[in-house]
Amino acid sequence: MRSRALVAGCVLLGGVVAIALVSALWTPYDPADTSGGRLEPPGPEHWLGTDRLGRDLLTQVMIGARVALSIGAGAVALGGALGLLAGIAAGFAVRWLDDMMAVVLDLLIAFPTLLLAMLVIAARRGSLLSAVTAIGLAMTAVVARPARQQVKRVLAQDYVTAARTSGTSWPGIVAGHVLPNIWPALAVNLALQLGRAVLAEAGLSYLGLGPPPPNASWGHMLREAQATVLVAPGDIVAPGLLLVLLVIGVNLLADGVREVADPLLRGRW
């Protein structure tokens, strides 16, 4: 039967993805349009009201969804690829090299992700590419360490020993045995990292290190709305609520993937 967590996660994440896709084709107003009155309440012309600069809040929220998902997906793709390669390399490495790589991964994981991303962005100008690079690099060790453990577990199995004895090449072992057996755990980890990447992007934007205008960001919107939260609470509720729903949806999706992929949990629903 279907996993309830997977269905709920797909609904929540799918809703945010739909908003992001629509924003790429249409928005109620131009992102730089400041013709609206300052801090107007929701109405027929501005469904969610306007911000302190007179910009349409619905437009800003829609673009913020696209920015959050673009940076999150890009960071997960970069961090996942680098982390998987590092994990496979560590799994196949000789003992002393594997131990050294394990220590390096532990040190990187102990280093705060947001701080590492800030250091990367400090060396570059703030942009979408900089945010993707910073968060993706900071995510690499978090993906690599469990991937290393999973690879070593698979390599210790008898069928891998038999494949080696029969003359199967290392790329053949990776493609035929390692990847098919580690993908469930890898998929769950990457799904969780998507939520963390979105939060990291919001945190960087809140600190003023995110993508520059006209790229709207939920983190930057939350920062700007702090000063007017008592006058226009919608300015902080709208981006904050969507950010929470997106992270909850991604975490439910990860739980659902784990339930579907794990034979021990597959029969629970």
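This is a predicted model: local features need pLDDT of at least 70, side-chain atom pairs count only at pLDDT 80 or more; totals for chains, interfaces and linings use all residues.
1. Contact, as used throughout this note, means heavy atoms within 4.5 Å. Leaving aside neighbours within four places in sequence, R148 is in contact with G87, A90, D98 and A102. R148 belongs to helix α5, which covers residues 128–155; helices (H or I, at least four residues) and strands (E, at least two) are DSSP runs, numbered from the N terminus.

2. Residues are numbered from 1 along each chain as its sequence is written, and side-chain values use heavy atoms, with hydrogens and water left out.

3. The overall architecture is helical. The chain holds 9 helices and 0 strands, and its pattern along the sequence reads α-α-α-α-α-α-α-α-α. Its C-alpha atoms fill a box of roughly 75 × 50 × 30 Å along the principal axes. Among contacts with a separation of 6 or more, 70% are accounted for by residues 24 or more positions apart.

4. Burial and surface come next. Of the 269 residues of the chain, 43% count as buried; buried means under 20% relative accessible area, exposed over 50%, and partly exposed in between (1.4 Å probe, protein chains only). The accessible surface comes to about 13,700 Å², and 68% of that surface belongs to carbon and sulfur atoms. These areas come from the Shrake-Rupley method with a 1.4 Å probe, and for residues only the protein chains shown count as cover.

5. Why does R148 count as buried? Its relative accessible area is 14%, so R148 falls in the buried class. The side chain of R148 is joined to that of D98 by a polar contact of 2.7 Å. A polar contact is a pair of N or O atoms within 3.5 Å; within protein, one must be able to donate a hydrogen and the other to accept it, and residues adjacent in sequence count only if both atoms are side-chain atoms. D98 is also among the residues listed in contact with R148.

6. Two further buried helix residues deserve a look. L204 is located in helix α7 (residues 170–206) and counts as buried at 1% relative accessibility. Apart from neighbours within four places in sequence, L204 touches L114, A117, M118, I121, I135, L209 and G210, all by the contact criterion. L204 and G219 are 15 residues apart in sequence, with their C-alpha atoms 7.4 Å apart in space. A20, in helix α1 (residues 4–25), is buried with a relative accessible area of 8%. The C-alpha atoms of A20 and V67, which are 47 residues apart along the chain, are separated by 8.0 Å.

7. The loop between α1 and α2 contains L39, H46 and P42. Which of these is buried, and which is exposed? L39 is buried at 17% relative accessible area, H46 counts as buried at 5%, and P42 counts as exposed at 57%. Beyond neighbours within four places in sequence, H46 is in contact with Y29, G36, E40, P41 and D56, and P42 with W47, L48 and G49. P42 and G54, 12 residues apart in sequence, are 12 Å apart from C-alpha to C-alpha.

8. Most residues other than glycine have a negative phi. L39, which is not a glycine, has a positive phi of about 55°.

9. The largest pocket has a volume of about 310 Å³. Of the 24 residues that line this pocket, R55, S217, H220, M221 and E224 are the closest to its centre. On a 1 Å grid over the protein atoms alone, a pocket is an open set of points where a 1.4 Å probe fits, with protein on both sides within 12 Å along at least five of seven lines; lining residues have an atom within 4 Å of a point. Grid points are joined across faces, edges and corners, and a volume is the space filled by probe spheres set on the points.

10. Helices α2 (57–92) and α8 (218–225) each supply at least two residues of the lining of the largest pocket, and α8 gives the most, with 5 residues. By class, this lining has 10 nonpolar, 8 polar and 6 charged residues. Ala, Val, Leu, Ile, Met, Phe, Trp, Tyr, Cys and Pro count as nonpolar, Asp, Glu, Lys and Arg as charged, and the others, Gly among them, as polar.
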